[in-house]
Amino acid sequence: MKKQLPSFEGVQRAILQLKEVCKKTPLELNKRLSDSTGAFVFLKREDLQQIRSFKIRGAFNKIASLSKKELEMGIVCASAGNHAQGFAFACNHLKINGTVFMPATTPQQKTAQVKMFGGNFVQTLLIGDSYDECQKVALETAQKEVKTFIHPFDDKEVIEGQASIAIEMLAQQPVGFDYVLVPIGGGGLISGIITVFKSLSPNTKIIGVEPEGAQSMKQSLKKRERISLDKMDHFVDGAAVRQVGALPFQICMENLETIISVPEGKICQTILDLYNKEGIVTEPAGALAIAALDLVGVNLKGKRVGVLLCGGNNDILRMPEIKERALLYAKRKHYFIIDFPQRAGALKQFVNEVLSPNEDITHFQFSKKSNRSIAPAVVGIELKTKDDLPFLVERMKNHNFKFDYLNEKENLFQFLI
């Protein structure tokens, strides 16, 4: 049986449903991004929602649309992040019982947030080592106990709830937009945006943005069927989805012209820029669409561009990895296995004669070997600019330090970051 597509009328109903629950988040003109692109760049600040994410819109709208009997039977969701928090908030607000299945690998900060928003109305269960394992158990439990499973993106009412963002954006910018950049995970958000703009502003070009390491929508549209990724980079956890939803795929297949893939390292640099220059805390998925601004491939000068900043639930403990990935993407961080002579003063010689004043050792791992004249060390070096690498390599060769470059050796490199 073919699923019913979301409708503009359904979005209007969602607006009324969410009126007393969701914040009408700001649409802010960002001067720095506008100056760098020549466009008028407006950020839709969904990081300022109660749960610091747009996910509350879809989860609440879906749960509030259930019958009294369905609510009494109980509801279930599977999520490691923002959807779980939106689900928990809705359960607490509506005073109904719900169960959240989360992978056992979920950081404690996220489980604590779900418990905080859900209070006594939500039970959290840690199941499996991945989201796929967790979702499988959640679906089986919902079927066995006759409970309603609240899907994070492949659901008509969820999509219509997310689409309320687009209604707000057009009300906040009556002149409209030439382009709107939307992050894609499972596809629920962009499906909702398309549903509204197709009705109210059909000339606006909607551009989808995916992480380079999780291009499930792009690959599905290319093959004209939903595919499941065999390999995926989980770093952009809010948008790293192995398979997009059936409803979002159908909507995007018929309406979406362009998808941009953004390297994870570029997303990390965008997170750092937003924090350092605007004081905005954003999660990787939240920075995804912003990171694509200079990859659009068209001249944006003078254009009105809306960008979805979809969430700000970033664990501060991730910041060292974010900085590392940003430096690697900028080609300013390099790792080597370097053979050091096992004699006093070898490291001092390397620092004084090989490194320039603008170069810094940020990682050093060495163990002295018995009965050997040479021993390897893993060394991470941060450069001032990416153009300094050839000079560093030349100085190592001139001073007879043998080395192996690790950045391009994926199997070894994964142990370092």
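## The parallel sheet

Strand β4 (residues 98-102) is joined to β5 by five bridges, and the two strands run parallel. Helices (H or I, at least four residues) and strands (E, at least two) are DSSP runs, numbered from the N terminus; two strands pair if DSSP finds at least two bridges between them. Within this pairing, G98 has V122 of β5 as its bridge partner. Helix α5 (residues 82-94) packs on the sheet, where it touches β3 (75-78), β4 and β5, and its direction makes about 160° with that of β3. Contact here means heavy atoms within 4.5 Å, while axes are lines fitted to C-alpha atoms, for helices over the stretch in contact, with angles from 0 to 180 degrees between N-to-C directions.

The open sheet consists of four strands in the order β5-β4-β3-β6, with parallel pairing. Because β5 (122-126) and β6 (148-149) stand at the edges with a single partner strand each, one side of each is left without a neighbour in the sheet.

## Basis of the model

The model is predicted: local features need pLDDT of at least 70 and side-chain atom pairs count only at pLDDT 80 or more, whereas totals for chains, interfaces and linings use all residues. Residues are numbered from 1 along each chain as its sequence is written, and side-chain values use heavy atoms, leaving out hydrogens and water.

## Two buried serines

S53 lies in the loop between β2 (40-45) and α3 (55-64). With a relative accessible area of 0%, S53 is buried (under 20% is buried, over 50% exposed, in between partly exposed; 1.4 Å probe, protein chains only). Not counting residues up to four places away in sequence, S53 touches E46, N82, C310, G311 and N313. S53 and L309 are 256 residues apart in sequence, yet 8.8 Å apart in space, C-alpha to C-alpha.

S220 is placed in helix α11 (residues 216-223). S220 counts as buried because its relative accessibility is 0%. Its contacts, not counting residues up to four places away in sequence, are E225, R226, I227, V244 and F249.

## A nonpolar surface patch

L347, V351, F364 and F366 form a nonpolar patch on the surface, together with about 310 Å² of accessible area (Shrake-Rupley method, 1.4 Å probe; for residues, only the protein chains shown count as cover). Patches are made of residues with over 30% relative accessible area and no salt bridge; like charges are joined within 9 Å, and nonpolar side chains (Val, Leu, Ile, Met, Phe, Trp, Tyr) within 5 Å. A salt bridge is a side-chain nitrogen of Lys or Arg within 4 Å of a carboxyl oxygen of Asp or Glu.

Helix α16 (346-354) and strand β12 (360-366) each supply at least two residues of the patch. V351 is found in α16, and V351 is partly exposed, with a relative accessible area of 36%.
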